[in-house]
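Thanks, everyone, for making the time this morning.

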Amino acid sequence: MRRYLLTLLLCLPLMLAAQQPDSLKLTIPEVTVKARKPLMLYRPTGNVAVDIEQLKFTPMLAGEKDIFKFLQLLPGVSAGKDGMSGLLVRGGAGDQTQIVYDDVPIYNQAHAFGLLSIFSGEAVQSAEVAKGYIPPAYGSRLSGLTQIRTRDGDREHHRQSLTVGTMSLAGTVDGPIVPDKGSYLLSARYFFPEAALALLRLPTRYGFYDVTGKLSYDLHPDHTVTAGVYSGDDHMHNSDDGASNGFGWGNTAGSLRLESRWNDKLSSTAVLFYSYLNNRQKSKFKDDDTQINDKTNFKTHEWGARMNLEQVVTEAYSLSYGASFSAQRFLPLTTRSIVDGTVNERSYPTQKLMSTAIYLNNRLNLGAWRADIGVRGAMYDNGRNTALSLEPRAQLSRYFGQDNAMWFSATMNSQPLVQFNRYYYSMPIDFWAPFRDDKLQRAWQLSIGGRTRLHEHLMLSIETYYKQMRNLPLIYDSDDFLLERGGFVYGTGRAFGVETMLQWQTERLSLTAAYAYTNSRRRSDGVTYPFEYDIPHDFNAFAGYDVLKRTDRRHTLSLNVAWRTGLPYRLTNEAYPDTDGNPVIGITTWPTMRMRNYFRTDIGYCMERKKRNGVRTWQLSVVNVTNHKNPVSIYPYKGAYKATVMIPIMPSVSYTRTFGGR
Amino acid sequence: MSRHIALLALMVVLFSCNVDYKMKHDGVESRAVVNALLSPQEDFTVKLFWSGVYSGDSTRFRPVANARIRLTEDGDKVLDLAASPDGTTPTAFRPTAGRRYRLEVDIPGYGRLSASTEVPEIPSVDIRSPKKNERYSHFELSRIETDPNTTGLWITGTSKNVWLHPIALGRQATPTDTERDIIFGGDDDPEPEEIDSYHTASLFVDQVNAAGDVSDAQNKGALVSFSDFLHITQENFILVLPLRFSVYGFHSQYSEYRYTLTATAASKAYDLYKRSLYKQQNNSGGMATGNPFIEQVTVYSNIDNGLGIFAGYNSYKTPEL
């Protein structure tokens, strides 16, 4: 601990030395941007905003414009396993990152077993990841916050777009309801190979779809109401001759948002939301003598409300405050069986979680200094225990002109939920449960960082952090855990890291290179070991070059290169006999080795052309162009070992045609 | 169901593949391994070996040449003997259901290994075979009664292709030698074989070994197959009833399959060991090939200061069905 704090302090003078104190102005003057837009913007502290419009110029996996695939390349963020849709932030587990989609918490962000995220690139407007300072308005996760926003429909023109990718077909329509007063947006995506499977009358089918809708309307020039809805589902189905079985999972989310500006100094946002996750499995059989109809569900419901007020007290002092409430019901594994009319039903105990929070954030702008000092007070009730959490959070930024800054933040977070996997495969069919034993997961984090312009076109960002976590439920038997007869131990964790990012921007070239050092450990049963997804060295570079840049045509060549240390793995070369004398592999309960280092290069070429009535875009991508064999799992095989590679070389193509608009 | 999920996931993950992987072979410090299962149906045997370096099925394990074995029953010593130098120490001891046992093994220069377990009462089950079709025999499990020490019930079995004498069936036809070869593979009295696949639509059966199988659903009565066993956890003993399942067996005018099913009441240690062992096997070797979602599964062990298992079980075997 002291070693890490010392390192944090040592980084401070280095970053101070990099600053150029020339101006104390905080406002960013209006400029005519000639340079290519950067893919992302690094903000205090440790927070990154991604420009979705630029995503179409990056290589795509399976022809899908997937925001999560890009967020995973950010320093301090990882996918977990290659190709999956997790967002693991700064040595935290997947469930320690809150994913909020238009103000609604999402509990399973995976389509296609994690290969894609549920957020269609056609509907998303912005994405922002908070790794360090999480605003007090948000809580209930230890490590990170990812906010995804859908775009509003165009308020002037009706537009339509159609995208055909390698895996899916997506269509979007948007436009004004009343010109300049309201708009609509409807976007849908479908895994079209399912239709081919159906036409071929194959007994096995897989598919997914998602639908996103948004209505926005100005009730008054100062009051805008927005209604959003998302529904998506993945399903696998086998059927043959009177018998069928299948499984699936799906999210439904809805929100109603009222944004009001009461006067020049006071504005408010009120949100009502609902989120629903359903994991299900079913089996049917019928013949002359027998009729069986079995179904298992695992449901998570949440509904809640949030009220946020922004108040400008003086030019230098503003407040953000509000309250939030949510109620969650977890219905784990309800199995209903009907055999010849006899009904058997079994449910694991239903669990509840009521979360209430009030928060306050004070923002001070004093010359070149900016401070956020806030506190979040949360109360969590699981029906048996009530746990309180007081979470002070603060960040301090010092600006040196518009390009140079340094910042420091200290945050405390708590988490009343845990995600676990009932199956013994790490698949995105995960379940959630509230805290146990009056013990919330808790963490605190210190971050220090800064950014500086080294050259007209070159920007450097650097940040280091130390995080400690406790009361982490490490679940080793999910059935025992669900039945509340143990099945888990509490552990602790810590993570330390340094993240750097270099961005080079010219009129035609955008280059970003990011490196992150992470040291993430867990401790349980008296043993300290590397976290399952600990990646000491993680390097990513993204480059985009406009080969052709005219008013009506644009061709962009893009390149992503990723290199990182292999993931820890729980496999030894020890074996011992089972009761029949056959070898059992001595797999320990904590990692004992690392996979070989990861390397991937993706190339994309995007051709965009303005047509008379819209835009046509072709996107060609080759993911893992060097066909590097990056393992996602290793297993013993006939006295040696084999590795499964999820993403070898993967070419893809997508075509987008938009109509209408300006 | 999990394997079914993973296999079908591959349809989406069209490009996943498997490659050879070189592991660093660090030196392995050998640990003592004791495997000893207690059942009223079997003489108690203790197997003592050292762990070694994995080299597939050809892996050989050194026996623990010098050790002392002690077994107590509800606190009273019932066995105290020197371990056999070849690693396998047979005894004539059979445990009593409902009792608690503790095993201690002292290995000079290594230390003491110890573990405890209960032996459950014999399970009382009703299994009948209400119907057979051309390729499958259907069974119904209609009653399960066990004692509180039983945490899981394992259904396994053997099948045997039996020659039906045409006169006994009132038929005139008798098979030719060629037909007999086809039906019996040249052996009129084959040895019973372990049943390797069970089919049921019930979701109250543990899905750990389940896999989708899109063939012959009407004959099987399900589209889900369970490898090697049906495992029912204690909390589902009532809910799973009536459990209808089928197993393969080709029935002709000359022969039919007959089955002997075994219902094994498992102590908690036996249950955890068998289930985790299956999970590890399912996540390694040929079973893992092509599956990007395999996980590293630690096989359960209740041996203090060593590896292996000491666990009780009690089995009921049906008459030939």
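If we sort the lining of the largest cavity by residue class, we find 14 nonpolar residues, six polar ones and 10 charged ones. Please keep in mind throughout that this is a predicted model. The cavity in question holds about 350 Å³ of space, and a search of the whole structure returns 10 cavities of 30 Å³ or more. Its lining is made up of 30 residues, and those closest to the centre are A:K69, A:F70, A:L73, A:R600 and A:D602. As for the elements of chain A that contribute two or more residues to this lining, they are α2 (67-71), β3 (77-78), β32 (537-549), β33 (553-564) and β38 (598-611).

Let me turn to the second largest cavity, in which there is about 250 Å³ of space. Here 24 residues form the lining, and A:Q98, A:S140, A:E302, A:S326 and A:R376 are the closest to the centre. By class, the lining of this second cavity comprises 12 nonpolar, eight polar and four charged residues. Which strand supplies the largest share of that lining? It is β19(A), with four residues, while the elements of chain A that each give at least two are β18 (291-312), β19 (317-339), β21 (351-366) and β22 (369-381).

Now to the interface between the two chains. Chain A brings 93 residues to the contact and chain B brings 91, and the area buried between them is about 7900 Å², with carbon and sulfur atoms giving 60% of that area. How many salt bridges are counted between chain A and chain B? The count is two, and A:E574 forms a salt bridge with B:R31 in which the closest N and O atoms lie 2.6 Å apart. Polar contacts across this interface amount to 18 residue pairs, where both residues have a pLDDT of 80 or more. On the side of chain A that touches chain B, strand β40 (residues 631-637) of chain A provides the largest share, namely seven residues. That side of chain A, divided by class, contains 46 nonpolar, 23 polar and 24 charged residues.

In chain B, is the peptide bond from B:L241 to B:P242 cis or trans? That bond is cis, with omega near -5°, and B:P242 is placed in the loop between β17 (230-233) and β18 (243-248) of chain B.

Terms used:
Residues numbered from 1 in each chain as written. Chains lettered and ligands numbered in written order. Predicted model: local features only at pLDDT ≥ 70, side-chain atom pairs only at ≥ 80, totals over all residues. Heavy atoms only, no water. 1 Å grid on protein atoms, 1.4 Å probe; cavity = no way out; pocket = protein on both sides within 12 Å on 5 of 7 lines; lining within 4 Å. Points joined across faces, edges and corners; volume = space filled by probe spheres on them. Nonpolar A, V, L, I, M, F, W, Y, C, P; charged D, E, K, R; others polar. Contact = heavy atoms within 4.5 Å. Buried area = accessible area lost by both parts, 1.4 Å probe. Salt bridge = Lys/Arg side-chain N within 4 Å of Asp/Glu carboxyl O. Polar contact = N/O pair within 3.5 Å; in protein donor to acceptor, adjacent residues only side chain to side chain.
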